[in-house]
Amino acid sequence: MRDDPSNSGAEPGPDLPEPANLRFLRRLVTVLTVVMIAGVVTVIALLVIRLKAPVAPVLPSAIALPDGVAAEAVTFGQGWTAVVAGDEILIFDSLDGTLLQRIAVDLPRAE
């Protein structure tokens, strides 16, 4: 019997109550695990929501710039497209490309 590894020589004792600090630590680890899992799921959900393909702006099939005007920059709004051309901004309708407004920009000249 002495060589039997399953018998350590100690008699099984009665079940002792779990210490309070061990019970607290077990509950704390469980709560922190649940919070961490919820945080990871939230971060993944937010990444999926934010990284969706951006919605492309509505573009007219063609924009006809006035003669002698070269586009330097373009920006899009709801229902309009703005083209920066030198010292003026041209506002076009996003659906049909018609010129809605022409805004002159007074730029200071470098001396």
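Which side chain meets Arg102 in a salt bridge? Select Arg102 and Glu88: their side chains form this salt bridge, with 2.8 Å from N to O. Keep in mind as you look that this is a predicted model. The pair ties together distant parts of the chain, since Arg102 sits in strand 4 and Glu88 in strand 3, 14 residues apart. Now show the surface. Arg102 is partly exposed, with a relative accessible area of 45%, whereas Glu88 is buried at 15%.

Next, look for another salt bridge; a search of the whole structure finds 2. Select Glu18 and Arg26, whose closest N and O atoms are 1.6 Å apart. Glu18 is partly exposed, with a relative accessible area of 28%, and Arg26 is also partly exposed, at 47%.

Now for the inside. Select Val69, Val83, Ala85, Leu90 and Phe92, and you have the largest nonpolar core, with 5 residues. Strand 2 (80–85) and strand 3 (88–93) are the elements that each give two or more residues to this core. In soluble globular proteins, nonpolar side chains tend to be buried together.

Stay with Ala85 for a moment. Beyond its neighbours within four places in sequence, Ala85 is in contact with Val69, Ala70 and Glu72.

For the last stop, select Ser94. Is Ser94 buried or exposed? Ser94 is buried, because its relative accessible area is 3%, under the 20% cut-off. You will find Ser94 in the loop between strand 3 and strand 4 (99–104).

Definitions and conventions:
Residues numbered from 1 in each chain as written. Predicted model: local features only at pLDDT ≥ 70, side-chain atom pairs only at ≥ 80, totals over all residues. Heavy atoms only, no water. Core = buried A, V, L, I, M, F, W, Y, C linked by side-chain atoms within 4.5 Å. Buried < 20%, exposed > 50% of the residue type's maximum accessible area, 1.4 Å probe, protein only. Helix = DSSP H or I, 4+ residues; strand = E, 2+ residues; numbered from the N terminus. Contact = heavy atoms within 4.5 Å. Salt bridge = Lys/Arg side-chain N within 4 Å of Asp/Glu carboxyl O.
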